[in-house]
Amino acid sequence: MATLEIKNLHVSVDTDQGKKQILRGVDLVIKSGETHAVMGPNGSGKSTLAYSIAGHPKYEITDGEILLDGENVLEMSVDERARAGLFLAMQYPVEVPGVSVSNFLRTAKTALDGEAPKLREWVGDLKKAMTNLRMDSDFTERNVNEGFSGGEKKRHEILQLELLKPKIAILDETDSGLDVDALKVVSEGVNRAKETTDLGVLMITHYTRILRYIKPDFVHVFVAGKIAEQGGPELAERLEAEGYDRYIKTDA
Amino acid sequence: MAQHGIEPHSHGLVPLQTRNERPRSTSASDFQEINNRQEIWRYLPMERLNGLDAEVMSEVSASEVAIDLAPGVTAQWIDSSAAPVGSAGLPEDRISAIAWTNASKTLLVEVAEDSETTNPTTLTLSLEGLDARAFHLFVKAGANSKATIVLDHAGTGSLAENVEILLGAGAKLDFVSIQDWDKGSAHVSTQFTRLGRDSALKHVVVSLGGDLVRVTPSAALDSPGADIQMFGVYLADSSNYFEHRPYIDHIAENCVSNVAYKGALQGAGAHTVWVGDVLIRETAVGTNSYELNRNLLLTDGSRADSVPNLEIETGKIEGAGHASASGRFDDEQLFYLMARGISESEAKRLVVRGFLHEVVQKVGIAEVEDRLIASIEQELEQVGV
Ligand SMILES: Nc1ncnc2c1ncn2[C@@H]1O[C@H](COP(=O)(O)OP(=O)(O)OP(=O)(O)O)[C@@H](O)[C@H]1O
Ligand SMILES: [Mg+2]
């Protein structure tokens, strides 16, 4: 049982015009087994929240706390956070030239477990996870994200989710750019991880269609750097119908 | 006629000179004393030359070169005034001329005609003192032969070297020159290659250690259908100055040249220089040529100079291009790897290995690749990246 607590999180970035405040007091608690959906207009700070949890150096935490099972996440380096059980499926996964998927995955698994996985088991797990995600086996010989299509990149993120078995996963628009079949395949992957490891999920999305496959327990409306409203799955339906106008007006 | 020679305005030191106008001579007095005002010595840290510019020096002795021959390959020391010495190229600069004059003996390594071996022949030159020494190697690959030759430089030394490589018609040769010197060493190596009709040379330069290492490989493509691949990998830390100047001279028709050098630098004071010259002469119809240099700077305070020069004297070519770039570590790549639990040092190692991989894998000789990967690991380990 893991708990990720985000308290009064304020985050800014350095821009050419000086410091820019993006997150303005985010409060959120995610527990193992729970699925939270975060929806909000472009530029409202959703990815900033995701990156801040993962520890991207670009984002400066100016106030607030992030705790994982009571431990101060903000004091951890990026890799320590991952080893503590946090995972970020990125909106724009990065290409790493010359590093093969198979080498990358094995290195990551070894780093997380503190020892190299048993070869036969690992090969078996990898093969199975890839078959489940309908990924060609020759993918492992390709360089990380290099020349991957948008959908392939997202599958690759979920492949990592399944193999690396984190406690809490943040999925930043994992559903964007996926066709209907891929959406289903990727959702199944997330649901498998939820079932087998009691994963807690924070799912950033613009669309309710993924919520048909991955059922959220909570929906948060994210506007102008904080959570403007929270509710159950019905809130997502309402957002789809009405948009964010209501929040933006009251905010102004 | 299009000319993309050395840009005069970039330093204002030398007049624009096309690459083939440089004088050739085995006599040091035909060349100016070395100074940084001449383009070819422009970047050189003179204080690290360890006397390699002195007109008189002793030569490498037979006992300092360990020779491990593959079947079909022979080696002997011959008089440097005898044939075939000088048939692959003649000095274009002062240190090369000095080395030429001071090496009275030449190590002649011959691959028999029509012979084929997959085992590499290795020549290991190790020195144990900083006094300047001259060395001359001649590699002759007989017609339609196929061989691999590795020239390995190790120990502590100051070496002025000429390497000549001559390929007969239809010969295929992989030649690797490894510079893995200990601290304090200086090495200036001029490597002339001349390719026979339809022959193919893979020329690989690996620079890992030495306070001053300067390798200038040139290819005279004066027989039709020749194919040269020049690859280079280097890893420079604070103590290293590495300079590589590949030069491809397209003279005959339908030749192919491909140059790709990649280097990683780390630590304050690490300095690498790459100047790639390609000259496509009026006679070189049907040429296909490409040159590339990329540098990865792992820390602040290191410097990579990269200058591709392309001179084209005929429009009737298949293609000619170049690319050159030097960049810092990509923080986004590091973040991505670290976000999967991989430590910063391991992530950096993955990125560096990945960066060099493109060239390393082209070496295509298992033993050399393994050794290269091990050296890269060791280098990265040493400086704690
Ligand atoms: N490095 C940066 N420099 C300047 N502005 C930045 C930087 N990073 C983020 N921002 C700004 O912060 C705001 C929030 O960006 P963020 O990527 O978190 O939005 P988002 O909610 O994920 O949007 P989307 O739905 O389009 O993915 C945007 O206005 C963005 O331009
Ligand atoms: Mg976003």
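Which side chain meets A:Asp79 in a salt bridge? The partner is A:Arg83, at 3.1 Å from N to O, where a salt bridge is a side-chain nitrogen of Lys or Arg within 4 Å of a carboxyl oxygen of Asp or Glu.

## About the model

This is a predicted model, in which local features need pLDDT of at least 70 and side-chain atom pairs count only at pLDDT 80 or more, while totals for chains, interfaces and linings use all residues. Residues are numbered from 1 along each chain as its sequence is written, chains are lettered from A and ligands numbered from 1 in the order in which they are written, and side-chain values use heavy atoms, leaving out hydrogens and water.

## The opening pair and its helix

Let's stay with that pair for a moment. A:Asp79 and A:Arg83 are 4 residues apart in helix H2 of chain A, so about one helical turn separates them. Helices (H or I, at least four residues) and strands (E, at least two) are DSSP runs, numbered from the N terminus. A:Asp79 counts as buried at 6% relative accessibility, whereas A:Arg83 is partly exposed at 37%. Here buried means under 20% relative accessible area, exposed over 50%, and partly exposed in between (1.4 Å probe, protein chains only).

## The magnesium site

Two residues of chain A coordinate the magnesium ion (ligand 2): A:Ser47 through OG and A:Gln91 through OE1, at 2.0 to 2.2 Å. Donors are N, O and S atoms within 2.8 Å of the metal (3.2 Å for Na, K and Ca), and because water is not among the atoms, sites may look incomplete.

The two residues come from distant parts of the chain, 44 residues apart. A:Ser47 sits in helix H1 (residues 46–54), and A:Gln91 in the loop between strand S6 (86–89) and strand S7 (96–100). A:Ser47 counts as buried at 19% relative accessibility, and A:Gln91 is buried with a relative accessible area of 17%.

Helix H1 of chain A also holds A:Ser52, which is buried at 3% relative accessibility. Not counting residues up to four places away in sequence, A:Ser52 touches several residues, among them A:Leu9, A:Val11, A:Tyr59 and A:Arg81. Contact means heavy atoms within 4.5 Å.

## Where the chains meet

At the interface, 32 residues of chain A are in contact with 18 residues of chain B. The two chains bury about 1900 Å² between them, 69% of it on carbon and sulfur atoms; buried area is the accessible area (1.4 Å probe) that two parts lose on being put together, summed over both.

The rule finds 1 salt bridge across this interface. B:Arg340 and A:Glu157 form a salt bridge through their side chains (2.7 Å, N to O). On the side of chain A that touches chain B, the elements giving two or more residues are H1, helix H2 (78–84), S6, S7, helix H3 (101–113) and helix H5 (150–164). H3 of chain A gives the largest share, 6 residues. By class, this side has 20 nonpolar, 8 polar and 4 charged residues. Ala, Val, Leu, Ile, Met, Phe, Trp, Tyr, Cys and Pro count as nonpolar, Asp, Glu, Lys and Arg as charged, and the others, Gly among them, as polar.

## Salt bridges in chain B

Over all chains, a search of the whole structure finds 26 salt bridges. One of the pairs in chain B is B:Glu243 with B:Arg245, whose closest N and O atoms are 2.6 Å apart. Both of these residues are buried. Salt bridges that share partners join B:Glu39, B:Asp93, B:Arg214, B:Glu243 and B:Arg245 into one network.

B:Asp131 and B:Arg133 also meet in a salt bridge, at 4.0 Å from N to O. B:Asp131 is partly exposed at 43% relative accessibility, while B:Arg133 is buried at 9%.

## Backbone points to look at

Most residues other than glycine have a negative phi, and most peptide bonds are trans. A cis peptide bond joins B:Ala83 and B:Pro84, with omega about 5°. B:Pro84 lies in the loop between strand S3 (73–79) and helix H1 (94–102) of chain B.

A:Arg134 is not a glycine, yet has a positive phi of about 50°. A:Arg134 is found in the loop between helix H4 (119–132) and strand S8 (143–144) of chain A, and counts as exposed at 55% relative accessibility.
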